[in-house]
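I opened this structure to learn my way around it. These are my notes, in the order I took them.

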Amino acid sequence: MENSEGVKIESTVVTEEPLISALDIALFVVIITVAYFWYFKRDKRSSSSEKKPYTIQPSSLSSIEQTSNSSFIKKLKSTGRSLVVFYGSQTGTAEEFAGRIAKEGARYKMKGMVADPEECDMADLVEMKEIQKSLAIFCIATYGGGDPTDNAMDFYEWLQNGDADLEGLNYAVFGLGNKTYEHYNEIAIYIDQRLEELGATRVHEIGLGDDDANIEDDFVSWKEKLWESVCSHYGIEETGEESNIRQYKLVDCSEVLPERIFSGEISRLKSYENQRFPFDVKNPYLSKIAVNRELHKSGDRSCMHIEFDIDGSKMRYDTGDHVAVYPKNSSELVDKIGELLNADLDAVFSLLNTDEESSKKHPFPCPCTYRTALTYYLDITSNPRTHIMKELIEYASDPKDQEKLKLMASSTPEGKKEFHEWILRDNRNIVHILEDLPSVKPDLDHLCELLPRLQCRYYSISSSPKVYPKSIHITAVLVNYTTPTNRVNKGVATNLLAQLIPTNDELPQPTIPIYIRRSQFRLPPKSQTPIIMIGPGTGLAPFRGFIQERDYARKEGREIGEMVLYFGCRKKDEDFIYENELQEYVANGTLTKLHLAFSRDQPEKKYVTHLLEQNADELWNIIGEKSGHLYVCGDARSMAKDVHSIIVKVVMEKGQMTNSQALNYVKKMEQQKRYSADVWS
């Protein structure tokens, strides 16, 4: 016991008691008890937060949910599934294909699920062998210059850097690409080969879809043969049962409070009212339109110069980046759907996934009105795919309309021909189909489930942040064209932008959601490196930023290298965009040479490719003798391919190489980022 002589007593106790005193034991017990309660209370809090995540948007998962749901193997096992379909998607097509495969699995006694590799622990692929008759299918798009899509990047890097043993994994791959691009289906081909290298078993040969031709036809043909291979591999037979099972169920939300209803936001509820940095694909910035002016001097076409105000947004961009613009469908088309289906477009609804294990609870932000869904979330202007034809059959009351839809939904040569002519060649969208097949009256909620998501549109930024740090410039041609059925189709984004004209008074300025997408289309690190830029039409856009940046460096007193620009358009007096600016850069020495091709100002057509062939010595001097950089921007289908062929030919002739050596030389330029392309089809 303690008293005023504690020290003395303590010394006595030391000689009489064991080495560890009762006080020491008591303190030790207290420490252990505190540690125990701290650890398990913390763990309980963590578990609780996983069960009841806080979220302000009903349509998206919290990061905690995504982490807890990352094991797709556990989902497969707990729900008795054996098929998982992963998708790598940038525009939604691969995700749509994945959903169709998973849905069809039921016909082959393979209950399936769709999975986003970004939300999964892909290392769990090693455990697929534990599930009897299991199959993993990958619908993978190749994006940009041979890159994986954003959501497949981690999986791609895991395959590259890892060395997992995937023996026992059965798989198949379908790639989504475009033959006009050099790196056609490169990512899908790599994944297919890499999975085999790691010991997995390929159940069916890779499918390569070409979006420049008919990717729907490619997919359907591959899918039919896939199921034949699956039946053969697993010794199973098709059940023959084929029904249009709904993936989402309709939920009446008429009683939901107005402040809980989405009105066009991409992910976070009220995100346009309460803007929060950082801004990205799921959280765009609502930018004011600062400038919107016409660039064409005359003629019946229009090209717009638009400046987005980003002052105060904290957004930063680099020269060569892209800006994504979120469009909305015209009210005329939306109202037409309401009229054709006799639907109340202002009714509030939600679509809820019938698969409780799916990480995707809604196809788009819900709840919202049908008008909001058709205006902001659904693509109503593109050509519908064959599976939509199939789903519409049950809503056709006229036998003739039924037969037409059945034919187009079939994979017979006659069906494919009819689909190609009536849908693709005649360029019909869902509105046109409902107009031309008047007995087809689908439930509006089912139609909302079937239609793909409306995607943002990307534009090359035509300004330099050194010169314009508070604004982003784009150069966009207004898209309007007449279809074979004498309907006028209008570009969703460009026609919206054409209406957003800033005013000089105190009225609120027009706005549009945007975000910046990083690019590999970059100026050389050293300002003195010579460059050649080839950009006819709006392909000039990123080069306007390049020239601005080099001009800024010159004005700072830095040495800049040669800048040679090849630009072409139809007529000098009509569509020579940014003419005065370019001539000024030539006059002050920033732009060393400006080669111009006006294709219709003389009897014979004249293009930038003709000028390139004429200037072979200049080309080789810069890319061969001076190790300069070459950039191409514009049409991928013909112009970019022609440029590539000319460059190879120049390298052969001026560099005295064989065709094989010249191809390797150009390939090395690409690997060194000395030959860069920003192209579209």
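**Starting from one loop**

I began with Gln90, which sits in the loop between β1 (83-88) and α5 (93-104). I kept in mind that this is a predicted model. I asked which residues Gln90 touches, leaving out those up to four places away in sequence. I found Tyr143, Thr149, Asp150, Gln455 and Tyr458. I looked at Asp150 in more detail. It is 60 residues from Gln90 along the chain, yet the two C-alpha atoms are separated by 7.0 Å. The side chains of Gln90 and Asp150 make a polar contact at 3.0 Å.

**The whole chain**

I counted 23 helices and 23 strands. The chain has 681 residues, and 49% of them count as buried.

**A buried methionine**

Next I picked Met304, in strand β10 (residues 303-309). Is Met304 buried or exposed? Its relative accessible area is 4%, and buried means under 20%, so Met304 is buried. I listed what Met304 touches, again skipping residues up to four places away in sequence. Among them are Asn292, Arg293 and Leu295. The list also includes Ile474, Thr475, Ala476 and Leu478. Thr494, Leu497 and Ala498 are on it too. I checked Thr475 by distance. Met304 and Thr475 are 171 residues apart in sequence, but 5.7 Å apart in space, C-alpha to C-alpha.

**Two helices, side by side in my notes**

I turned to helix α6 (residues 153-161). Its buried residues are Phe155, Tyr156 and Leu159. Why do I place them on the same side of α6? They cover an arc of only 100° around the axis, so they share one side of the helix. The buried residues pack against β3 (135-143), β4 (147-148) and α7 (186-197).

I repeated the check on helix α12 (residues 399-409). Here Asp401, Leu405 and Met408 are buried. They cover an arc of only 65° around the axis, which puts them on the same side of α12. Pro399 and Lys400 are exposed on the other side. What do the buried residues of α12 pack against? They pack against α11 (386-392) and α13 (413-425). I also looked at the N-terminal end of α12, which Asp398 caps. A side-chain oxygen of Asp398 lies 2.8 Å from the backbone nitrogen of Lys400.

I went on to the backbone angles. Most residues other than glycine have a negative phi, and most peptide bonds are trans. I noted two cis bonds. The bond from Phe277 to Pro278 is cis, with omega near 5°. Pro278 is in the loop between β8 (248-252) and β9 (285-294). The bond from Cys366 to Pro367 is also cis, with omega near 0°. Pro367 belongs to the loop between β12 (348-353) and β13 (368-369).

Then I looked at phi. Lys133 is not a glycine, but its phi is positive, about 50°. I located Lys133 in the loop between β2 (112-115) and β3. Lys133 is partly exposed, with a relative accessible area of 41%. Tyr578 is not a glycine either, and its phi is positive at about 55°. Tyr578 lies in the loop between α18 (572-575) and α19 (579-588). With a relative accessible area of 7%, Tyr578 is buried.

**A patch on the surface**

My last entry concerns the surface. Which residues make the nonpolar patch of about 220 Å²? I noted Val467, Tyr468 and Tyr552. I followed up on Tyr468, which lies in the loop between β14 (457-460) and β15 (471-477). Tyr468 is partly exposed, with a relative accessible area of 30%.

Notes:
Residues are numbered from 1 along each chain as its sequence is written. This is a predicted model: local features need pLDDT of at least 70, side-chain atom pairs count only at pLDDT 80 or more; totals for chains, interfaces and linings use all residues. Side-chain values use heavy atoms; hydrogens and water are left out. Patches are made of residues with over 30% relative accessible area and no salt bridge: like charges are joined within 9 Å, nonpolar side chains (Val, Leu, Ile, Met, Phe, Trp, Tyr) within 5 Å. Accessible areas come from the Shrake-Rupley method with a 1.4 Å probe; for residues, only the protein chains shown count as cover. A salt bridge is a side-chain nitrogen of Lys or Arg within 4 Å of a carboxyl oxygen of Asp or Glu. Helices (H or I, at least four residues) and strands (E, at least two) are DSSP runs, numbered from the N terminus. Buried means under 20% relative accessible area, exposed over 50%, partly exposed in between (1.4 Å probe, protein chains only). Contact means heavy atoms within 4.5 Å. The arc is that of the directions from the helix axis to the C-beta atoms. A polar contact is a pair of N or O atoms within 3.5 Å; within protein, one must be able to donate a hydrogen and the other to accept it, and residues adjacent in sequence count only if both atoms are side-chain atoms.
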